[in-house]
Amino acid sequence: MPRILITLGDPAGIGPEVVEKALASGQLPKGFDFEVLGDASGINPGKPDEESARRALDALEASVRILKSDSDALAVVTAPVSKATLQAGGFPFPGQTEFFAHRFDINEYAMCLSGQRLSVGLATIHIPLASVSSSLSVESIVSVGGLLEDFARRRARRTPRIAVAGLNPHAGENGRFGDEEDRIISPAIDRLNQTFPGVFSGPHVPDAIFRQAAEGEFDAVLAMYHDQGLIPLKLLDFDTGVNVTLGLPKPRTSPDHGTAFGIAGKGIARPDSMIHAIKLACELA
């Protein structure tokens with residue numbers, strides 16, 4: 001039987017609760033087994049510590065071992081972890097996206113968020129805002145764009161329409177507010193359309209393009225940095241948003257929310273995003 005792995009994340013957070021609720025929801029696809037990795041026994045909800053971080057990391061490492069060794073394990077869904085607690089224990093990665101890319105020895109990968117109304121790929125991920133401009137290159141945008149095209153094509157089941165957002169206000173307005181659009185983003189769009197004719201357009205004005213995409217004009221938006229893409233995504237699709245790591249040999253998805261330590265153990269966490277994350281993992285598997 002095809003199997004989907006599900007990690008509990010930091011067991012002091014809402015991960016164990018939303019996983020349990022999702023599995024009991026009756027909304028998951030048929031034809032899959034679901035294997036939960038992690039141990040919440042003896043952990044105090046809302047009180048992350050060294051032990052809860054260790055268990056979160058153990059579950060992540062176990063998922064990698066199984067994905068590499070078991071052909072029936074088709075995908076992994078990861079509940080949220082505490083980056084701060086993990087990193088305090090020596091976790092060297094900015095997030096789970098980078099962890100999985102490193103463990104699978106993948107250099108070309110990308111973070112994508114997909115919800116009911118929007119799908120957003122990120123040209124840069126977990127870096128300071130001040131470093132975004134210097135981190136962008138034609139090559140990096142082409143790499144993420146190619147991965148996003150594959151994802152959007154699989155979901156739409158046709159040639160997708162992907163909008164590329166500018167970096168600056170008004171997409172630079174002919175160089176008045178910045179020149180990254182002319183130097184980097186437009187050449188990258190040209191390169192992408194040589195490989196994927198007619199798929200990519202832009203650079204689009206960032207403060208307008210997400211509304212157009214949400215209304216159905218585009219299948220996805222390639223955003224230039226983390227908050228440019230995630231703010232509209234979470235505003236519109238918080239309960240249905242799913243984080244997808246593009247470029248891995250097997251799909252990895254996760255709910256688009258954090259550990260929510262403040263409500264852990266109270267029984268009020270909603271499993272909607274976890275349910276959508278599991279559904280998308282099954283769809284992509």
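**Reading helices and their surroundings**

Author: I278 lies in helix α10 (residues 272–284). The model is predicted: local features need pLDDT of at least 70 and side-chain atom pairs count only at pLDDT 80 or more, while totals for chains, interfaces and linings use all residues. Residues are numbered from 1 along each chain as its sequence is written, and side-chain values use heavy atoms, with hydrogens and water left out. Helices (H or I, at least four residues) and strands (E, at least two) are DSSP runs, numbered from the N terminus.

Reader: Is I278 buried or exposed?

Author: Buried means under 20% relative accessible area, exposed over 50%, and partly exposed in between, with a 1.4 Å probe and protein chains only. I278 has 0% relative accessibility and so counts as buried.

Reader: Which residues does I278 touch, not counting those up to four places away in sequence?

Author: Contact means heavy atoms within 4.5 Å. On that criterion I278 touches I6, A22, L28, F34 and V77. Its C-alpha is also 9.6 Å from that of V19, although I278 and V19 are 259 residues apart in sequence.

Reader: At what angle do α1 and α10 pack?

Author: Axes are lines fitted to C-alpha atoms, for helices over the stretch in contact, and angles run from 0 to 180 degrees between N-to-C directions. Helix α1 (residues 15–23) packs on α10 at about 65 degrees, and the two axes are 8 Å apart. V18, V19 and A22 of α1 meet M274, I275 and I278 of α10.

Reader: Is the crossing of α1 and α10 left-handed or right-handed?

Author: A crossing is left-handed if the near helix is turned anticlockwise from the far one by less than a right angle, and right-handed if clockwise. The crossing of α1 and α10 is right-handed.

Reader: How are α6 and α10 oriented to each other?

Author: Angles under 35 degrees count as roughly parallel, over 145 as roughly antiparallel, 65 to 115 as roughly perpendicular and the rest as oblique. The axes of α6 and α10 cross at roughly 90 degrees and come within 11 Å, and α6 and α10 are therefore roughly perpendicular to each other. The contact is made by F151, R154 and R155 of α6 and by L280, E283 and L284 of α10.

Reader: At what angle do α6 and α7 pack?

Author: Here the angle is about 45 degrees, with the axes of α6 and α7 8 Å apart. That makes α6 oblique to α7. The crossing in which α6 passes α7 is right-handed. Among the residues of α6 in this contact are V138, I141 and G145; the partners in α7 include R183, I184 and A188.

Reader: How does the end-to-end distance of α7 agree with its number of residues?

Author: The expected span of a helix is 1.5 Å times one less than its number of residues. The 16 residues of α7 (residues 180–195) should therefore span 22 Å, and the end C-alpha atoms are 22 Å apart, which agrees.

Reader: Where in α7 does a kink lie?

Author: The bend at a residue is the angle between axes fitted to the seven residues ending there and the seven starting there. In α7 a kink of about 25 degrees lies at S186, shortly before the proline P187.

Reader: What covers the buried residues of α7?

Author: The buried residues of α7 are E180, E181, I184, I185, A188, I189 and L192. Their cover includes α5 (132–135), α6 (138–156), β6 (162–165) and β7 (200–204).

Reader: How many residues of α4 are buried?

Author: In helix α4 (residues 96–103), six of the eight residues are buried, so the helix is mostly covered. They are Q96, T97, E98, F99, F100 and A101. Among the elements covering them are α2 (50–69), β3 (73–78) and β10 (252–255). Just after α4, D105 takes a positive phi of about 55 degrees.

Reader: Which peptide bond is cis?

Author: The bond from G202 to P203 is cis, with omega near 0 degrees. P203 lies in strand β7.
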